[in-house]
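Dear colleague,

I am handing over the structure below, and my notes on it follow. Please read them alongside the coordinates.

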Amino acid sequence: MTQPEKKFKVGACTASVFVNEISTANGKAIIKNVVLQRTYKDKEGNFQNTTSLRIDDIPKAILALHKAYDYLVSDEKSA
């Protein structure tokens, strides 16, 4: 499994930035994607991940995504 370039964790929500190389008509290009997930413990006490959010997770998810956005925008400006 590919490791993320950067993770932004707020509470149980994590926004992870992944780097992907794609082929285009002009050659190879780098595309960065963000994956949002929430971590929780199941009935057996094992940690699991989901993309489903509870109402209290929404502000945390927004903040994690905002941090990822700031990272991506600042990364573009420095390139």
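Lysine 7 stands opposite serine 16 in E2, where strands (E, at least two residues) and helices (H or I, at least four) are DSSP runs numbered from the N terminus. The model is a predicted one, in which local features need pLDDT of at least 70 and side-chain atom pairs count only at pLDDT 80 or more, while totals for chains, interfaces and linings use all residues. Residues are numbered from 1 along each chain as its sequence is written, and side-chain values use heavy atoms, with hydrogens and water left out.

Five bridges join E1 to strand E2 (residues 13–24), and the two run antiparallel; strands are taken to pair if DSSP finds at least two bridges between them. They belong to an open sheet of four strands in the order E1-E2-E3-E4, with antiparallel pairing. Because strand E1 (6–10) and E4 stand at the edges with a single partner strand each, one side of each is left without a neighbour in the sheet.

Aspartate 57 is placed in the loop between strand E4 (47–50) and helix H1 (58–78). With a relative accessibility of 1%, aspartate 57 counts as buried, which means under 20% relative accessible area, whereas exposed means over 50% and partly exposed lies in between (1.4 Å probe, protein chains only). Leaving aside residues up to four places away in sequence, aspartate 57 touches Cys13 and Arg38, contact being heavy atoms within 4.5 Å.

Isoleucine 62, by contrast, lies in helix H1 and is exposed, with a relative accessible area of 54%.

Best regards
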